[in-house]
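Please keep the model open beside the text and look up each residue as it is named.

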Amino acid sequence: MKQLKITIRHIKFRAAALAAGAVLAMEAFVFPAYAKPVWPSDTGIQAEAGIVVDQETGAVIFGQNIHLPYAPASITKLLTALVVIENCDSLDEMVTFSHDAVYNVESGSGNALSLEEGDQLTVRDCLYAMILRSSNQAANALAEHVGGTRDGFVQMMNETIRELGCTESNFANPSGLNDDNQYVSAYDMAIISRAAFANETLLEINSADSYDLPATILNPDGRRVNMEHKLLITEDETSETYYPYAVAGKTGYTSIAGNTLVTLAQNGDRQQVAVILKSNWTHYSDTIALMDFGFSRFQNLDASGDEASLFDENGSLTVDGQTYQQDQLAAEGVQKVTVPLEATLADVDRELVSGDGLGAAAPENAVAQVRYTYDDRQVGSYYLVSTQTAEDGASQETGMAADESGAVTDGENPEAGQETGSAAAGSFAAGPVLLAGGALLAAAAVILILAVTIRRHREQERLEAEARRERRKQRLAEIGCSEEEFKRLFEERYGKDRE
């Protein structure tokens, strides 16, 4: 019996040992819990403010003082060019230089191309002169040509940036010369630059090395203008301004703004935009540092088709109380996300934003926006837009449909719209009376629609203003800056309160 107990004890011990060994063996092959990569931030710039963003997704890869206002100098001309191209029927239209366009510029700003009152150049000529050689006179002439007056064009500039979603900037002239009411944040300038570089015509102009202007009053043989942005034209590989990935960009400088610079670069299948503000001659080295950081540490992942997972098993999605079928909504925009190299789509969070949260940049028929975030950073987004036409919506709401002959009939009772010959004759006889009454009703309907439209427009403006203020609060919170501190800094720089 004693021997039996010893044997059983040995068996239990050996079983426990085998179990422990099995657990240890399993642990040896079990990987530790996966933690998504930390967002890299081990870089910096010497300029006061700067940012690098992905051109496709708009993700902010790195930023420094990106929501504070600075004087933009001549990088303003990117916005000027965008507004001109979007509002001009033809680049071959002739632009006549007025006295004001040539001489009403800041003292000491110069006239590098010797343009004179009465000169005539095409819109295309002026765009190349403005972008490549930073001609203030060309900027003024274009503004007068497109906006009627310089002030009218400035209004168009500010309307454009609001449509793009900019809330931290304001422009006062088309050239970028100093003005207390002209300021831009690095974040907003990145938004403006992305829109500018997405315009194929502007990108073609902005990536040119040189351009030959035709004859002008003081240049009867014409004149060649050359690109000033050194990252775009330096071919010496040993130079500090050699950067083979640079594609397009714009320089800027005034005594108040310091050096400012916007650059588009492409490495492989990725494009990045860098903005530098308030630099003391470090704008090129800062730009290279930001570009290299973004290209070497980040990637774009494809999220195409992801919208299908938003719908339930019946192919339905409810947004703000309205239910849509999958064929009633389509994805609009870039379906990609920008994340650290080791990250995957599983590391990215997704949310559906609708209503007031859509913002001013949303398409008119947008139902919702799908936003991707990584550690609370937005790394990509696209819109879900309605594929229904206005006629589709009207027919669904009223239940009315048109028969093959074009007559409007009730959708549930097609025969209700059919008339006998006598009934039709009777309605024709009463035509003048019905027409008169119809005209009054139509006029009343127009007035009512206008009143409702105006009321809705005002309410929309109020909601958009509130949304802009809320977004600014969030952006300030991201950089640890209170609204009071923001206002103080702004007052110190411009002597006024933005609000």
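1. In the protein chain, residues 24 or more positions apart account for 62% of the contacts with a separation of 6 or more, where a contact means heavy atoms within 4.5 Å. This is a predicted model, in which local features need pLDDT of at least 70 and side-chain atom pairs count only at pLDDT 80 or more, whereas totals for chains, interfaces and linings use all residues. Residues are numbered from 1 along each chain as its sequence is written, and side-chain values use heavy atoms, with hydrogens and water left out.

2. The protein chain holds 14 helices and 19 strands; helices (H or I, at least four residues) and strands (E, at least two) are DSSP runs, numbered from the N terminus. Of its 499 residues, 42% count as buried, a word that here means under 20% relative accessible area, with exposed meaning over 50% and partly exposed in between (1.4 Å probe, protein chains only). The protein chain exposes about 26500 Å², of which carbon and sulfur atoms supply 51%; these areas come from the Shrake-Rupley method with a 1.4 Å probe, and for residues only the protein chains shown count as cover.

3. Which residues does the UniProt annotation "active site" cover? The unreviewed entry gives S74, K77 and S134, and although these are spread over 61 residues of sequence, they cluster in space, with a largest C-alpha distance of 7.7 Å.

4. S74 lies in the loop between β2 (60-64) and α2 (76-86), while K77 has its place in helix α2. S74 counts as buried because its relative accessible area is 11%, and K77 is buried at 0% relative accessibility. The side chains of K77 and S74 are joined by a polar contact of 2.8 Å; such a contact is a pair of N or O atoms within 3.5 Å, and within protein one must be able to donate a hydrogen and the other to accept it, while residues adjacent in sequence count only if both atoms are side-chain atoms.

5. S134 is found in the loop between α4 (123-132) and α5 (136-147), and S134 is buried, with a relative accessible area of 15%. Phi of S134 is near 60°, a positive value in a residue other than glycine. Not counting residues up to four places away in sequence, S74 touches S134 and K250, among others, and K77 is likewise in contact with residues including S134 and K250.

6. For "binding site", UniProt lists K250 in an unreviewed entry. K250 lies in strand β7 (residues 246-254) and counts as buried because its relative accessibility is 1%. The side chain of K250 makes a polar contact of 3.0 Å with the side chain of S134, and, leaving aside neighbours within four places in sequence, the contacts of K250 include S74, K77, S134 and H229.

7. T234 sits in the loop between α9 (230-233) and β7. A polar atom of the T234 side chain lies 2.7 Å from the backbone oxygen of K230, and the side chain of T234 also makes a polar contact of 2.9 Å with the side chain of T241.

8. Strand β10 (residues 298-302) is mostly covered, since four of its five residues are buried. β10 pairs with strand β14 (residues 336-340) in the antiparallel sense over five bridges, pairing being called if DSSP finds at least two bridges between two strands. In this pairing, F298 stands opposite P340 in β14.

9. Rings of Phe, Tyr and Trp (its six-membered ring) pair if their centres lie within 6.5 Å, with planes under 30 degrees apart counted as stacked, over 60 as edge-to-face and the rest as tilted. By this rule there are nine aromatic pairs. One of them is the edge-to-face pair of F293 and F298, 5.8 Å centre to centre with 65° between the planes, and both of these residues, F293 and F298, are buried. Ring pairs also link W39, F62, F293, F298 and Y374 into a cluster.

Methods. UniProt positions renumbered as here; feature names shortened; annotations may be inferred.
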